[in-house]
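I opened my notebook for this chain and went through it one topic at a time. Here is what I looked up, in the order I wrote it down.

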Amino acid sequence: MNIHHNLEDFCEFAIPDGCFAETVTKFQHHTDRLFRFRTTRPASLRFRSGEFVMIGLPGDSPVFRAYSIASPSWDDTLEFFSIKVQHGLLTSRLQKIQPGDTILIQKKHTGTLVTDALLPGRQLWLFATGTGIAPFSSLVRDPEVYEKYQKIILVHGTRKTAELHYGNELMKATMDDLLVGAAAQQSLIFINATTCESYRLKGRLTHLFDSGVLEKTAGVAFYPACDRAMICGSLGFTNDFRRLLTDRGLRDGSNARPGGFLYEKAFVG
Ligand SMILES: Cc1cc2nc3c(=O)[nH]c(=O)nc-3n(C[C@H](O)[C@H](O)[C@H](O)COP(=O)(O)OP(=O)(O)OC[C@H]3O[C@@H](n4cnc5c(N)ncnc54)[C@H](O)[C@@H]3O)c2cc1C
């Protein structure tokens, strides 16, 4: 164990081996179930957009949980988008952090939701529920994605309309972004839907996709032969979407064997 000296308050705490100790720079509550925050970025952390890291809070025997990095690989800071699990071991404390607090980030980063694990394709469909939008928040702000695909269709489903806020803010920031804004305005299509409250698009994403509503709303067709997809969200949603894509002839891929679609296996959001 190393001892980290925080010069600002002269407080000392132990940093577990293999961790960075980073400072919270921004914190924003979205709903009673969701919040986002930013931290400083360790200079030596190099990751691919779409990957995740393990994060925790300093203390005795810190609890670590997987978090998708919601900011793109070129960003100076790291962004995370989180659920508040009632009595959750990490998030019951994490939702109370403030700018200036310390977050532990394990040095190892990995993930399947990276474009390297997909075969080359024409359009990229990103299907997310809840906090599953986090890795796609990274990808849609990465210029490389716009070089690889003619169109990127981001589809976000939530239970309530207030939970669409993060995705709507993401779209605004992406369209206004100096680096990717022009490409995004040409190529990025955003669709969102709710299941429990009335909204312009209501229903499960699996149903909206299978019935052709998503294609109609996007104004582009899904071509199984040349389109690629990623799925991130609740277990039931992920399993149902995998089946839909497999039925259409796509094969799931991995870093070792690129394929037609990818899904995050252990995500619960
Ligand atoms: C690869 C990967 C990436 C992940 N990325 C994110 C992310 O970017 N943002 C994020 O909020 N979570 C993410 N998670 C989930 C995250 O790791 C934790 O499960 C979450 O922080 C809750 O931890 P906890 O200790 O507070 O809850 P725990 O005490 O561990 O309770 C876990 C229970 O909380 C519920 N739960 C956990 N996470 C969610 C969620 N995201 N949405 C709805 N219900 C949930 C489930 O019922 C689960 O059984 C990711 C998980 C994986 C495997």
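**Domains.** I began with the domain assignment of this predicted model, which gives domain 1 as residues 2-110 and domain 2 as residues 115-263. I then took the C-alpha centres of domain 1 and domain 2, and they lie 26 Å apart. For the contact, I noted 16 residues from domain 1 and 14 residues from domain 2.

Next I asked myself which elements give two or more residues to the side of domain 1 that touches domain 2. They are strand E4 (34-40) and strand E7, and E7 gives the most, with 3 residues. I also sorted that side of domain 1 by residue class: 6 nonpolar, 8 polar and 2 charged.

**Whole chain.** I stepped back to the overall picture and found 8 helices and 13 strands in the chain. Along the principal axes, the C-alpha atoms fill a box of roughly 60 × 40 × 35 Å.

Buried residues make up 39% of the 269 residues. I also looked at contacts between residues at least 6 apart in sequence, and 70% of these join residues at least 24 apart.

**The parallel sheet.** I then traced an open sheet of 5 strands and wrote down its order as E11-E10-E9-E12-E13, with parallel pairing. The edge strands are E11 (188-194) and E13 (261-263), each of which pairs on one side only. From one strand to the next, I noted an average twist of 10 degrees.

Inside the sheet, I picked the pair E9 (residues 123-129) and E10 (residues 151-158), which run parallel and are joined by 7 bridges. In this pair, Phe 127 stands opposite Val 155 of E10. I looked for a helix here as well: H8 (residues 235-247) lies across E9, E12 (228-232) and E13. Against E12, helix H8 runs at about 165 degrees.

**Strand E5.** Two partners of E5 went into my notes, E6 and E8. E5 and E6 run antiparallel and share 4 bridges, with Ile 55 opposite Arg 65 in E6. E5 and E8 (residues 102-110) also pair in the antiparallel sense, over 4 bridges, and the bridge partner of Val 53 in E8 is His 109.

A reminder to myself on pairing: strands of a sheet pair through backbone hydrogen bonds, either parallel or antiparallel.

**Positive phi.** Last, I looked at two residues other than glycine with a positive phi. Ser 61 has phi near 40 degrees and is found in the loop between E5 (52-56) and E6 (65-68). Is Ser 61 buried or exposed? I marked Ser 61 as exposed, because 6 other C-beta atoms lie within 10 Å, and the cut-off for exposed is 12 or fewer.

His 87 has phi near 65 degrees, and I placed His 87 in the loop between E7 (77-83) and helix H1 (91-94). His 87 is exposed as well, with 6 other C-beta atoms within 10 Å.

Technical notes. Residues numbered from 1 in each chain as written. Predicted model: local features only at pLDDT ≥ 70, side-chain atom pairs only at ≥ 80, totals over all residues. Buried ≥ 20, exposed ≤ 12 C-beta atoms within 10 Å, placed from the backbone. Pairing = 2+ DSSP bridges. Axes fitted to C-alpha atoms, helices over the stretch in contact; angles between N-to-C directions. Contact = placed C-beta atoms within 7 Å. Domains from an automatic or database assignment. Nonpolar A, V, L, I, M, F, W, Y, C, P; charged D, E, K, R; others polar.
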